[in-house]
Protein chains: 2
Amino acid sequence: LSAQRSNEILQREAPAVWASLSDLGRRIHFPRDIPFQAAEARSVTYNGTIGQITDGRGQALRLEGLDLALAGLEPADRNTALLYSPMAGLPELRERWRQWQRRAAPVDRPSSLPIVTVGMTHGVSIAADLFGGLDKPVAVPEPFWGNYRQIFGTRGGARVLGAPLFRAGRFNAGVIEEALAGEPAGTPAVAVLNFPANPGGYAPSEGERAALLDSLRALAESRPLVVICDDAYEGLVHDPSVPKSSLFWDLNGLHDRLTPVKVDGATKEFLFFGGRVGFLTFAHEQASDVATALEDKVLGLTRTSVGSPVTATQVVLLAALRGGGAEREIAELRARMGRRHQVTMRALASVDPALMTPLPCNAGCFVLVELAAGLDADEVRRHLLAHEDTGVIAVRPNYLRLAFCSVASAEIPELVRRTERGVRELAPAVRVGVPAPAPSRLETES
Amino acid sequence: LSAQRSNEILQREAPAVWASLSDLGRRIHFPRDIPFQAAEARSVTYNGTIGQITDGRGQALRLEGLDLALAGLEPADRNTALLYSPMAGLPELRERWRQWQRRAAPVDRPSSLPIVTVGMTHGVSIAADLFGGLDKPVAVPEPFWGNYRQIFGTRGGARVLGAPLFRAGRFNAGVIEEALAGEPAGTPAVAVLNFPANPGGYAPSEGERAALLDSLRALAESRPLVVICDDAYEGLVHDPSVPKSSLFWDLNGLHDRLTPVKVDGATKEFLFFGGRVGFLTFAHEQASDVATALEDKVLGLTRTSVGSPVTATQVVLLAALRGGGAEREIAELRARMGRRHQVTMRALASVDPALMTPLPCNAGCFVLVELAAGLDADEVRRHLLAHEDTGVIAVRPNYLRLAFCSVASAEIPELVRRTERGVRELAPAVRVGVPAPAPSRLETES
């Protein structure tokens, strides 16, 4: 598609999407240059299109060291791993990931064929290029992953607007409305929702989710609204009463002026942190005009940011998806994370609330603790590194993020105890409580 | 480093670099958030910093399908492949790539520790973010790889200015001066040089190189000039009299106001097209203040574009670099590409010059042929696909790019013959020459 043709389709068939595009989003498209022309020539006999060095019959010429390192792959995949990926990703992977995404989705909610990105951040960054841009209001519940500010604000020039996700310890369903309260009606806006969340491991209950959806629907009455679902931790919910499915499916079809975008990937769901395989999905039927026009723009952004996606790690992920055992393995892993979560919450229950209080946490990889007033999070972090042999993440202004996903259950109580001790040492003004009893080590990491 | 501290260093110690930075380049820095804090906590016992799911002792928890797919790796690498990469890349890989880069470099030319990018395009895109930006003049010899226009112009808002690399079939050493002739003295500019080139496989001779360097030195007298060396095809030179080394080493130290940037990678040099391992290198001593300040900015751009580099393909490349046989294998491969180049040039020598003429070609993967006036390159391309079972790349306005790197020697004459026949069919106005004799098949691909 030419940029003009894509834009015509969006203007006509998806006016809210069109209204939501950034300047870059309007001018970008996937040019008809080398990858496009090479894709058209895929099946000819005399193929002098693409600049990858092959034996002349589509087989990679291989350096021995690379080839041996890839020896765990099936022969065909081992060849594919060395060659360029199609711009949108390997077709089989896109199909299989779509099935994976939709295994609990209502059948009547359309979704596009996922487009492969270089990890989840690349998906968020492409969404920011498409829908963010200079001065665009971007609403994010607080506290949030700092990279959102870097991506949308520092890099893209948007205004990142926060509002608290919790108020007096309770979920704030109107968080996005609140963040956008100062924005004139009618102006397009973006919201980023990340459930289960990072840095605070939270997923809304059924009632909270319904209230959040009501609020977003009301917001879409007054303006075009893009909602980016950062589904990095999809399904990792430790409270069985809380829905596990992505909010994307609930937003899909909720309102004509609400454009949901799903960013997900293998990073956390398949524990492939080093693979950088992410996906970007729209709420439009695959191969529809609107999905095609949006894909054309995403590929233009992929082409100009990274050239093409990583083939080698796509085939590694594909091997796991083909195997069939992944769903069971992931369920076991989630149960294991659930046990770590339980141990963490139990240990935190006995810390002195005058020093620090955990925020609500029922999901994900992390718990966020709020420090007593007057304490500086980064000062506490550095003190814990220097004096307690303990590492945590400081989240401004006064939170610590504890990653229970990367600590064995048996060591979590000690991590919490050392954190509490460090905080106490830095809080002379705070009432020094009786030292908490040593948390029990009821459970050992299997 | 804070953005402020990096900027102070560059203002004081590298004023030409400072003058060359884009607005984004000035405001970006690597924030002290999760990856920074996790790096600081690397060696503590109780590490609750980073959000990757591990056994609690730094070992990845593995899905069986992923783990088996990576079975060709050494056990330690197999673990590393699943986990997040350090933001700048694996230290051992950076060291080894630096040695690889410098194996023919003059010892007195400083270079930084290469920063890992997601393939070469990501390196170019980061350089564009750093030094390009709105309205910046970016000079590129014509014809050029179309993605430069997309990256610098469509994406970044810069003005891409071309001038011909050849004039009457001879190398135009003043190409960059010519492209920037209309720019007021004193205003910063960027040049992109890609030798061996894509789409036309050319590398300048010793004399041409000297004249080009003179021209660039003269240009730096009048303005801060960033020269991005796109070294994708480094070393792939088929004429033994032509220097193989990167222009980066000649630009390094050439003039105070000239800032060379080296973009290279495993894509073409190690035939790892699907791995997306590239590198960005500056002409400043590793760990110097200026190198550190620039690295800080590059990491800010990596963080906001892709999160972190791909670990799995870094360890695959590392396996090839450790093996020690790579240099010999690459030399053999280059000899093989040299034979294909020879066959291609011989076949082209007998085509009717009234239909098409090859541009000078002594290097790289491609030859560019100029079509007779009045022929449209894309029309010819589509005709070849439809009627000659042959794929080539159309380069506007009237060039075809033939990739001899991906066609077996035995089939190259037929590729050329079909291309010529297709051109003849579309060129009724052109004098129809006597059909060229069938090219000999002197050589067979080994």
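Which residue forms a salt bridge with Lys262(B)? The partner is Glu234(B), and the closest N and O atoms of the two are 2.5 Å apart. Here, a salt bridge is a side-chain nitrogen of Lys or Arg within 4 Å of a carboxyl oxygen of Asp or Glu.

## Before you start

This is a predicted model, in which local features need pLDDT of at least 70 and side-chain atom pairs count only at pLDDT 80 or more, while totals for chains, interfaces and linings use all residues. Residues are numbered from 1 along each chain as its sequence is written, chains are lettered from A and ligands numbered from 1 in the order in which they are written, and side-chain values use heavy atoms, with hydrogens and water left out.

## The pair at Lys262(B)

Let us return to the opening pair. Lys262(B) lies in strand E9 (residues 258–265) of chain B, and Glu234(B) in the loop between strand E8 (225–230) and helix H12 (247–251) of chain B, so the pair ties together parts that are 28 residues apart in sequence. Helices (H or I, at least four residues) and strands (E, at least two) are DSSP runs, numbered from the N terminus.

Is this pair buried or exposed? Lys262(B) counts as buried at 0% relative accessibility, and Glu234(B) counts as buried at 12%. The word buried means under 20% relative accessible area, with exposed over 50% and partly exposed in between (1.4 Å probe, protein chains only).

## A covered strand in chain A

Now look at strand E9 (residues 258–265) of chain A, where 8 of its 8 residues are buried. Leu258(A), Pro260(A), Lys262(A) and Asp264(A) lie on one side of E9(A), and Thr259(A), Val261(A), Val263(A) and Gly265(A) on the other. Two of these residues also meet each other: Lys262(A) forms a salt bridge with Asp264(A), with the closest N and O atoms 3.1 Å apart. Lys262(A) has a relative accessibility of 0%, and Asp264(A) has 1%.

What does E9(A) pair with? Strand E8 (residues 225–230) of chain A pairs with E9(A) in the parallel sense over 6 bridges, and Val227(A) stands opposite Pro260(A). Strand E10 (residues 278–282) of chain A runs antiparallel to E9(A), joined by 5 bridges; there, Thr281(A) is the bridge partner of Lys262(A). Two strands pair if DSSP finds at least two bridges between them.

## A sheet in chain B

Chain B has an open sheet of 4 strands in the order E11-E12-E15-E14, with antiparallel pairing. Its edge strands, E11 (356–358) and E14 (393–395) of chain B, each pair on one side only. From one strand to the next, the twist averages 30°.

Within this sheet, strand E12 (residues 366–371) and strand E15 (residues 399–403) of chain B pair over 5 bridges. Phe366(B) has Ala403(B) in E15(B) as its bridge partner. Helix H16 (residues 326–349) of chain B lies across E11 and E12 of chain B, running at about 15° to E12(B). For such angles, axes are lines fitted to C-alpha atoms, for helices over the stretch in contact, and angles run from 0 to 180 degrees between N-to-C directions.

Over all chains, the count comes to 54 salt bridges. One of them joins the side chains of Arg303(A) and Asp33(A) (3.8 Å, N to O). Arg303(A) is in helix H14 (residues 289–306) of chain A and Asp33(A) in the loop between helix H3 (23–27) and helix H4 (34–40) of chain A, 270 residues apart. Arg303(A) is buried, with a relative accessible area of 7%, and Asp33(A) is buried at 14%.

## Where the chains meet

The contact (heavy atoms within 4.5 Å) takes 111 residues from chain A and 112 residues from chain B. Together the chains bury about 9,100 Å², 57% of it on carbon and sulfur atoms. In chain A, Tyr46(A), Ile53(A) and Arg155(A) lose the most area to chain B, together 10% of what that side buries. Buried area is the accessible area (1.4 Å probe) that two parts lose on being put together, summed over both.

Across this interface there are 4 salt bridges. Arg155(B) and Asp129(A) meet in a salt bridge through their side chains (2.6 Å, N to O). A network of salt bridges links Glu40(A), Asp378(B), Arg381(B) and Arg382(B).
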